[in-house]
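Please look over the sequence and the structure shown below before reading on.

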Amino acid sequence: MSDSLKLQYVISDEDFTRAGEASGDVKSKLKMMGVNPEVIRKVSIAMYEGEINMVIHANGGVIDVIITTKDITMILKDKGPGIKDVDLAMQAGYSTASENVRALGFGAGMGLPNMKKYSDEMNIETEIGVGTTVTMKVYF
Amino acid sequence: MTVNELKNIPEFTLLNEGEMDKEITRPFCCDLLSVAMSKAPAGAAWVTIMGNTNALAVSSLTDCACIILAEGTSLDPNVVHKAKVQDITLFQTDLPIFEAALKVYQLLEG
Ligand SMILES: Nc1ncnc2c1ncn2[C@@H]1O[C@H](COP(=O)(O)OP(=O)(O)OP(=O)(O)O)[C@@H](O)[C@H]1O
Ligand SMILES: [Mg+2]
């Protein structure tokens, strides 16, 4: 455990202009560590989609990132509305994004499918009215 | 072909000069960010109408070579500034998306 790197990012509520900064920071850290570019791409996509979902669907939250020599774990925790039907939410094309958010280019309903596709392990814990925690792992 | 060569397209206006020596692999057109996120090839000259900072984030996370804002799309006020900070090359054009991408393609295949 001594050679693991722990990072924490507070994702603020509705701050579209800053969304992507946490994933960008992780990306540049992995780059400096010399991680394979394909792996960096997977991490970047998975984390960005999770980060943006926290902003547009859940009023922000906290992301914990743990980097070891073997893999990276991203834990995205929010106190948003929760997801009623996770299987439905995971379907490509399913989105409850508002008109405002769609006008910015979100709402294709591809975020969760991207997270699933580009992470090696993914788990969603969610409770209506309490919040959602998405945990993703990508192997190096 | 590097991003720098896109300066030769008269219809393109350079809004921010980022890394101009990046290699362009091909033009890529998409306005849905999470689709672009998973489909944009590294080195893409990404043609879009999404002139916002989220497009910048997608571009930098997917290693696009540059962004070309087509259809004379209006920009969010902080976009050019953010592009400067992130070193992302940004062009703007009144051309429709397809025609803008075609210009890039023709120069690439030149
Ligand atoms: N953290 C979250 N809290 C509450 N609901 C969520 C959360 N993440 C996703 N959802 C729900 O799952 C749906 C699907 O999410 P997904 O990321 O696939 O698509 P989207 O965010 O709507 O659009 P896109 O990601 O393509 O821009 C969302 O529309 C929303 O209803
Ligand atoms: Mg999403």
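The paragraphs that follow treat confidence, then a sheet, and then the packing of helices.

This is a predicted model, and its scores are ipTM 0.84 and pTM 0.92. For chain B, the mean pLDDT is 95, and 100% of the residues reach 70 or more.

In general, the strands of a sheet pair through backbone hydrogen bonds, in either a parallel or an antiparallel manner. Strand S4 (residues 66–69) and strand S5 (residues 90–92) of chain B run parallel and are joined by 3 bridges. Across from B:Ile67 stands B:Leu90 in S5(B).

Helices of chain B may be considered next. Elsewhere in the description of chain B, helix H2 (residues 53–61) and helix H3 (residues 79–86) pack with their axes 9 Å apart, at an angle of about 20°. Because an angle under 35 degrees counts as roughly parallel, H2(B) is roughly parallel to H3(B). The crossing in which H2(B) passes H3(B) is right-handed. On the side of H2(B), B:Thr53, B:Leu56 and B:Ser60 take part, and they meet B:Val79, B:Lys82, B:Ala83 and B:Gln86 of H3(B). By class, the residues of this contact between H2(B) and H3(B) are 3 nonpolar, 3 polar and 1 charged.

The axes of helix H2 (residues 37–58) and helix H5 (residues 111–118) of chain A come within 8 Å and cross at roughly 150°. Angles over 145 degrees count as roughly antiparallel, and H2(A) and H5(A) are therefore roughly antiparallel to each other. H2(A) passes H5(A) in a left-handed crossing. H2(A) contributes A:Lys42, A:Ile45, A:Ala46, A:Glu49, A:Gly50 and A:Asn53 to the contact, while H5(A) contributes A:Gly111, A:Leu112, A:Asn114, A:Met115 and A:Tyr118. The contact of H2(A) with H5(A) comprises 5 nonpolar, 4 polar and 2 charged residues.

Methods. Residues are numbered from 1 along each chain as its sequence is written. Chains are lettered from A and ligands numbered from 1 in the order in which they are written. This is a predicted model: local features need pLDDT of at least 70, side-chain atom pairs count only at pLDDT 80 or more; totals for chains, interfaces and linings use all residues. Side-chain values use heavy atoms; hydrogens and water are left out. Axes are lines fitted to C-alpha atoms, for helices over the stretch in contact, and angles run from 0 to 180 degrees between N-to-C directions. Helices (H or I, at least four residues) and strands (E, at least two) are DSSP runs, numbered from the N terminus. Angles under 35 degrees count as roughly parallel, over 145 as roughly antiparallel, 65 to 115 as roughly perpendicular and the rest as oblique. A crossing is left-handed if the near helix is turned anticlockwise from the far one by less than a right angle, and right-handed if clockwise. Contact means heavy atoms within 4.5 Å. Ala, Val, Leu, Ile, Met, Phe, Trp, Tyr, Cys and Pro count as nonpolar, Asp, Glu, Lys and Arg as charged, and the others, Gly among them, as polar. pLDDT is the predictor's confidence in each residue, from 0 to 100. Two strands pair if DSSP finds at least two bridges between them.
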